[in-house]
Amino acid sequence: MDWGKGILLSIIGFVVLIMTMVVISVRMDGIELVTENYYEAEINYQDRIDEESSALRLDRTVITYNSLDKNLLLDLPNGTNGKIQLFRPSDSNLDREFLVNVIDSNRTSVSLLELQPGYWKVQLSWTEGGKNFYEEKKITI
């Protein structure tokens, strides 16, 4: 075998490798956006940072996950309104959203028994005393 055939085989091998990678990447399923309206989310990102820093200044842990009972415990004062988003990064069809209205007690429980096992992000937005707060927790069910 001479130099010309070696160079030609190397180029052909490289082209086949690149074409294989292109075909594999085009056929991939399950790659989804984190949010549908990502331009709006980017514009409101500074507000989210401010809400997170406000939640960090609170003297309590707002979201606690109990893995034995598979429920979330929320430490929110009476009269608080909020929204919980359960975000599944691997499959957006499994995402869930709940409204939270604390009426009776400071500890609110949210059952997660119906959720698929795996990795989840819990995103809690709430209003307390006229101020907006946000906290995020990563859990594995």
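Guide: Helices (H or I, at least four residues) and strands (E, at least two) are DSSP runs, numbered from the N terminus. This is a predicted model, in which local features need pLDDT of at least 70, side-chain atom pairs count only at pLDDT 80 or more, and totals for chains, interfaces and linings use all residues. Residues are numbered from 1 along each chain as its sequence is written, and side-chain values use heavy atoms, with hydrogens and water left out.

Visitor: In which helix is Ser 54 found?

Guide: The helix in question covers residues 45-56. Ser 54 belongs to that run, which is helix H3.

Visitor: Is Ser 54 buried or exposed?

Guide: Buried means under 20% relative accessible area, exposed means over 50%, and partly exposed is in between (1.4 Å probe, protein chains only). The relative accessibility of Ser 54 is 7%, so this residue counts as buried.

Visitor: Which residues is Ser 54 in contact with, leaving aside its neighbours within four places in sequence?

Guide: Contact means heavy atoms within 4.5 Å. With those sequence neighbours left aside, the partners of Ser 54 are Lys 131, Asn 132 and Phe 133.

Visitor: How many salt bridges does the count come to?

Guide: A salt bridge is a side-chain nitrogen of Lys or Arg within 4 Å of a carboxyl oxygen of Asp or Glu. By this rule, the count is 3.

Visitor: What is the N to O distance in the salt bridge of Asp 75 and Arg 60?

Guide: Asp 75 is buried, with a relative accessible area of 18%, and Arg 60 is partly exposed at 25%. Their side chains meet in a salt bridge, with an N to O distance of 4.0 Å.

Visitor: How many residues apart in sequence are the parts that Arg 60 and Glu 128 tie together?

Guide: Glu 128 is buried, with a relative accessible area of 18%. The side chains of Arg 60 and Glu 128 meet in a salt bridge of 2.6 Å, N to O. Arg 60 is in the loop between H3 and S1 and Glu 128 in strand S6 (residues 119-128), so the separation of the parts they tie together is 68 residues.

Visitor: Which residues are linked with Arg 60 in a network of salt bridges?

Guide: Arg 60 meets one partner at 4.0 Å and another at 2.6 Å. The residues linked with Arg 60 in the network are Asp 75 and Glu 128.
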